[in-house]
Amino acid sequence: MSPGVSSSSTFKTRATGALADPQLQAALGMLGEGWIEKRRRVVSLLPEFELLREKAKEVKDHVLENLDTYLERYEAEVTRQGGIVHWASDAAQAREIILKICRDADAKVVTRGKSMVGEEIGVCEALEGAGMRVVETDLGEYIVQLAHEMPSHIVFPALHKTFDQITDLFAEHHSAAEYDGPRETVADVVGEARQVLRQQFFIADVGITGANYLVAETGSSVICTNEGNGDLTSTLARVHIVTAGIERVVPTLDDVALFTRLLGRSATAQEITAYTTFSTGPKREGDLDGPGAYHVVLIDNGRSRVLAGQFREMLRCIRCGACMNHCPVYGAVGGHAYGWIYPGPMGAVLSPLLQGIEKNADLPNACTLNGRCAEVCPVKIPLPTLLKKLRGVQFDARLTSPSSRWMLRVFGALAQRPRLYHLATRLSARVLRFIGGRRGSIARVPFAGGWTEVRDLPKPPARTFFDQWRNERATEEKQR
Amino acid sequence: MERAQQAAARRDGIRAPRVGLFVTCLANLFRPSAALAAARLLEEAGCSVEAPQAQTCCGQPALNSGDFNDARQIARRTLEIFEGFDYVVAPSGSCVRTLRHDYPDLLADDPVWLPRAQQFAARAFELTSFLHDVLAWQPPRVAVPACTLTYHDTCSGLRGLGIQAQPRALLANIEGVTVKEMKDTDVCCGFGGTFCVKYPEISRKIVDDKIGNIQGSGATVLAGGDLGCLMNIGGRLKRRDVDVKVYHIAEILTGMTVEPLGEEPS
């Protein structure tokens, strides 16, 4: 499982492959039917949903404005609760810190709860490289781990897999001693994963989870899950490591309540996820269970750079996935086409910001600007606006292709010279009419291959609007 | 002004609102009949309509390609051209969204131009919302050949300007038209300006889904308020030889007297 993607493939080639993959298309087809409608229903049952969105946006903006203060407060509280906070400026440093904690604990088996930031820093590869066995315990993550793939969705990592592909994978990887039951229904498969994974929780030395929120006033980390694997990961191992981006911090427990109401509805169309788990420090005297040691790795990895620039709003993201569930491009090509672990609209903004725009040149452009993502975003991130801004960054850095730049120059010149513009329009009409011949629509136009590759172009009438309008008005004048 | 006041003012013979028609470059070249129909509707609704010759394009090709300097210059000159009018109206949600929302954004740091852009934004309207919301006008009863029509909500109009009920309300007076909603009518058609040219394969998948929904509705006519989307869907319908006739909403409201988009008059 590699956090990166081979540099030989591009967004376009991956998208082409995705469009031609019938199993992927079948899996993606479930998206629209299910989640969009379910979310709409559950949101409609909460009249104050819009108010909560506005409030959540305000809280996030306030936190981002005072991020240093809240992070320091959070660190002090974690320390007071007996935990240890580590600061990682980039992915490499984060991996080193985690590796050292695991080595010091003499870890052989490490369980992992679902965490996008863990994928972002490549923690799994680092630990496996050091000879440890890493077990993904979220069902979706477990499936993509067995398949040696990246997650294709930030909430449903194995969204791209069909049921049959999953049962095949389990049949291949699980011995009869581990599981010998049926694989007919979803419940069978969930039961199988549960049975196989249960043993791993008991033998795990270190459990690594992410965090939906870090609470500054209590030093708690919070995860919202549905399978209960996060609880087992964080409480049964000897050592619990929390990995989180620095923007995960919220001031108070009340804020957790606010975001929790938005997150479940936006992510999985639930009023609340099955588990909302608070971890505060290691096991204390008198506690029945809990880890012996509690570490938090706070990860920057480009975030403070984003904080300082014109894309700060992206740091409000709570990783609910609603934007990709509602994105027609994501729905057409799936998550792997985006090339990294953050797909869909949020990924199209975040990946260029975190990894560099040169590496992700297609992403800001592979968007129709239809605005549905921004409409459903629970923290009101203006995703299409940010994507347009990224296009501006590309244009200013001359990363736009020479042919596009040339076309834009011509367009800019025409749009500011009305006479030339009208002349060019008339000329275009004439040329297109010549190419079109007797048909009403044109199947092939030189230099318009992108358009005519999939659709006809209507043949323009002989006279433009302005020619007809002038004529009409002149006739009216005469009649008067 | 309130809708009721507007209507009363017209009845009392107060000066007709002066409307500058923003033609849009797609209508000018590919579908003059849509803009001519828009002008006719505006005049029937009691406006005096002019189409200033100096206008060109709203600047979206530059804006959506990251060329903000050119977009800003185009915004300034468009503002100047239309400044004398009571209203600026276009047969397009997409262009009006740019006039109304993008121009103030583009000129946000310009203390001279920002107020002008904001005043301009307040006077810029998409055709159906202007007729319905501002003028409180219903088109006169007109009969068209009987057809089942489905309306595609174009994204910029729907999400950028709140246009959804207006075109449907205006259609109520058109005899012969039965409106049948398609599934996912509020979902993008895959046009997206430069998107459909840069990523034709993805666009094809999205527009084919749209066509599936159009066919599923049983409609024989597709209408919408944005020529970009209509040219995308219509062009794909033609390519696949699917028999659905495509019209701009203004053309339906003026009696469907022209050939559908992409068909040569016989």
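## Sheet in chain B and the A–B interface

In this predicted model, strands of chain B build an open sheet of four, ordered E2-E1-E3-E4, with parallel pairing. Strand E2 (48-50) and strand E4 (124-126) of chain B are the edges; each pairs on one side only. From one strand to the next, the twist averages 35°.

Strands of a sheet pair through backbone hydrogen bonds, in either a parallel or an antiparallel sense. In chain B, strand E3 (residues 87-90) and E4(B) pair in the parallel sense, over three bridges. B:Val88 faces B:Ala124, a residue of E4(B).

A helix also packs on this sheet: helix H3 (residues 32-44) of chain B. H3(B) touches strand E1 (18-21), E2 and E3 of chain B. The direction of H3(B) makes about 175° with that of E1(B).

Now the interface. In chain A, 53 residues are in contact with 56 residues of chain B. Several elements of chain A each supply at least two residues to the side that touches chain B, among them helix H1 (11-19), helix H15 (328-333) and strand E12 (457-458). Others include helix H18 (383-396), helix H20 (418-436) and helix H22 (465-479) of chain A. Which helix gives the largest share of that side? H19(A) does, with six residues.

The side of chain A that touches chain B divides by residue class as follows.

| Class, chain A side | Residues |
|---|---|
| Nonpolar | 26 residues |
| Polar | 18 residues |

Notes
Residues numbered from 1 in each chain as written. Chains lettered and ligands numbered in written order. Predicted model: local features only at pLDDT ≥ 70, side-chain atom pairs only at ≥ 80, totals over all residues. Contact = placed C-beta atoms within 7 Å. Nonpolar A, V, L, I, M, F, W, Y, C, P; charged D, E, K, R; others polar. Pairing = 2+ DSSP bridges. Axes fitted to C-alpha atoms, helices over the stretch in contact; angles between N-to-C directions.
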